[in-house]
Amino acid sequence: MSNRYDLMFSNLDAKNQGAFIPFVVVGDPDMETSFEIIRTLVDAGADALELGIPFSDPVADGPVIQASVVRALKNGATPKKCYDIIARVRAQYPDIPIGILTYCNPVISGGLDAYFKMIAATGIDSVLTADMPVNEASAYVEAAKKYEISPVFIAPPNADAATTERIAELTRGYTYVVTRKGVTGTDDEVQTGFKTVIDGLKAVGAPRPVVGFGISKPEQVAASIDAGAAGAISGSAVVKRIEAHLHNLPHMTSVLAAFVSEMKAATNR
C-alpha cells in the first residue's frame with residue numbers, strides 16, 4: 001500500500017502537529033483554474049489533498065459543494081480531464097498524499113479492476129466512495145489493495161461496535177470521522193460528540209482518524225486535534241471562498257492561501 005499517509009503522519013507526529021486537509025472539486029470553476037487552486041492549497045501548507053471527482057448526483061454533499069460540482073460539469077469537466085489534472089498535481093508534488101472522493105457508479109461502471117488500475121497510474125493514494133456500503137465492499141477493497149490504493153471509509157457518529165470493527169478492518173490510509181449526521185457544510189459551533197467515535201476506532205486499531213463535515217474555523221481544527229483526531233478536513237469553507245471570487249483568480253488564490261495557513265496553524269498540539 002502507498003505509504004504517503006504513513007510518512008505524513010510520522011512527520012507531523014515529530015512536529016507535534018495534526019494534518020490539515022482541504023477539499024475541492026476538480027474542475028471548479030474550470031480545469032486550468034482548478035489546477036492553480038490545488039497548487040495554491042499545497043503551497044500554502046496543506047498536508048494532504050482530498051479532491052472531489054464531479055458526479056451528477058453527489059448525495060453526500062451539501063449545497064455549497066453541489067454548486068461546485070455543477071460549475072465544474074457546466075464548464076466541461078469529465079473524469080478523464082480530472083484525472084489528467086491530478087496527474088499534473090502528482091508530478092509537481094511527488095510526496096503529498098492525494099485522496100479522491102467519488103461515488104459508486106463511476107467506480108463500478110467500467111469494472112473495479114480497470115478503475116483502480118487507472119487511478120493508480122494517476123498517482124492517487126486513497127479513494128473514499130461516499131455511497132459504498134462497508135458491508136458490501138469486499139470486492140471493492142480487494143481491487144483497491146491490488147493496485148496499492150488505500151480504501152477510506154466514513155465512520156458515522158451512530159456507528160455500532162460491529163460497524164466500527166468492519167471499518168477498522170477494511171480502511172487504509174486514514175479513517176474519515178464525520179462530526180454529525182447529514183451532508184457536508186459549514187457549522188458555526190464546534191461539534192464534540194465525535195470523540196466517542198474516535199475513541200472507539202482507536203480501541204479496535206483503525207487507521208488514524210481524521211475529522212470532516214462542518215470544519216470551517218481554526219478553533220474547530222484545534223478542537224478536533226484535542227479530541228484525539230490526527231487531522232481535519234475542510235471542504236465547504238474552502239469551496240465558499242472559490243465561489244466568492246470566481247472572477248478574480250489572483251484575489252481568490254490569496255484568500256485561499258490565507259485560509260489554509262490559518263487552519264494549518266491550528267493543528268499545533
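Are Phe116 and Tyr140 buried or exposed? Both Phe116 and Tyr140 are buried. Keep in mind as you look around that this is a predicted model.

**A pair of neighbours**
- Tyr115 and Phe116 make an edge-to-face aromatic pair, with 5.3 Å from centre to centre and 85° between the planes.
- Tyr115 has a relative accessibility of 6%, so this residue counts as buried, because buried means under 20%.
- Phe116 has a relative accessible area of 0%, so Phe116 is buried as well.

**A link between two helices**
- The ring centres of Phe116 and Tyr140 lie 5.5 Å apart with the planes at 70°, so this pair is edge-to-face. The reason is that planes over 60 degrees apart count as edge-to-face.
- Phe116 belongs to helix α6 (residues 112–122) and Tyr140 to helix α7 (residues 138–146), so their pairing ties together parts that are 24 residues apart in sequence.

**Charges over rings**
- Then look for Phe259, where the charged end of Arg241 sits over the ring at 4.0 Å from its centre.

Methods. Residues are numbered from 1 along each chain as its sequence is written. This is a predicted model: local features need pLDDT of at least 70, side-chain atom pairs count only at pLDDT 80 or more; totals for chains, interfaces and linings use all residues. Side-chain values use heavy atoms; hydrogens and water are left out. Rings of Phe, Tyr and Trp (its six-membered ring) pair if their centres lie within 6.5 Å; planes under 30 degrees apart count as stacked, over 60 as edge-to-face and the rest as tilted. Buried means under 20% relative accessible area, exposed over 50%, partly exposed in between (1.4 Å probe, protein chains only). Helices (H or I, at least four residues) and strands (E, at least two) are DSSP runs, numbered from the N terminus. A charge sits over a ring if NZ of Lys or CZ of Arg is within 6 Å of the ring centre and within 35 degrees of the ring normal.
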